[in-house]
Amino acid sequence: MGIAPEEPAVEFHAFFERHHAELARFAHLVTGEAEAADDLAADALLAVWDRWDRVRAADHPVAYARGVVANMARSRIRSAVRERRRVALYWSRHTEDSAGPDVAAVVDVRRALRRLPFRKRACVVLRHALDLSERDTAMALGISVGTVKSQTSKAVAELQRLLGSEEEGTTLLRAVERNRSPQAPGPVAPAREVGH
């Protein structure tokens, strides 16, 4: 079926409206930065728009968008880690001993997620917070279903250790963004592989 020249913009607008909230929630859970999540999702969607002719012709455009968010989030996390290391190095040379570490009484799910390596975090967020299947998660991250299974299992075990029990960890993770349930995700296509 032929598509008129103005239709790509209309199609992209509909795609944006359908997937922006889900992509922003994914960005928020993966980076732990609520204030940056919308910007990250918007930047990812801008990258999708720049390649819209190719993306819209793909079998599953939303997988490409999820992969872009994952890669942008990973870059943002790496930059933040480098900055924190520089700050920590500076202050380690300039601070005096304190009375002792500040230990939180309750470990927050988002704090626990930030402690996971990126690939594990992305797998567990896509599987349990966004309710994607193993196949859809694999396609969004450009990895195999077996890798999704192992990374998710390891992530849940780590969350179990951090949060007290497997049931509590996954229940809390699912509850993190339940105030708005994401639209049922469609099938997805492979994206570039996201490292761990």
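I looked up Arg135 and found it partly exposed, with a relative accessible area of 44% (buried means under 20%, exposed over 50%, partly exposed in between, with a 1.4 Å probe and protein chains only). Its partner in a salt bridge is Asp136, the closest N and O atoms being 3.5 Å apart. Asp136 is buried, at 11%. I counted a salt bridge when a side-chain nitrogen of Lys or Arg lies within 4 Å of a carboxyl oxygen of Asp or Glu.

I note that this is a predicted model, in which local features need pLDDT of at least 70, side-chain atom pairs count only at pLDDT 80 or more, and totals for chains, interfaces and linings use all residues. Residues are numbered from 1 along each chain as its sequence is written, and side-chain values use heavy atoms, with hydrogens and water left out.

How many salt bridges does the structure hold? I find 5. One of them joins the side chains of Glu11 and Arg56 (2.6 Å, N to O). Glu11 lies in helix 1 (residues 7-31) and Arg56 in helix 3 (residues 52-57), so this pair ties together parts 45 residues apart in sequence. Helices here are DSSP runs (H or I, at least four residues), numbered from the N terminus.

I then checked Arg66 and Glu22, whose side chains form a salt bridge (2.7 Å, N to O). Both Arg66 and Glu22 are buried.

Last, I looked at helix 6 (residues 118-129) and helix 8 (residues 145-163), which pack at about 95° with axes 8 Å apart. Axes are lines fitted to C-alpha atoms over the stretch in contact, and angles run from 0 to 180 degrees between N-to-C directions.

Note on methods:
Helices (H or I, at least four residues) and strands (E, at least two) are DSSP runs, numbered from the N terminus.
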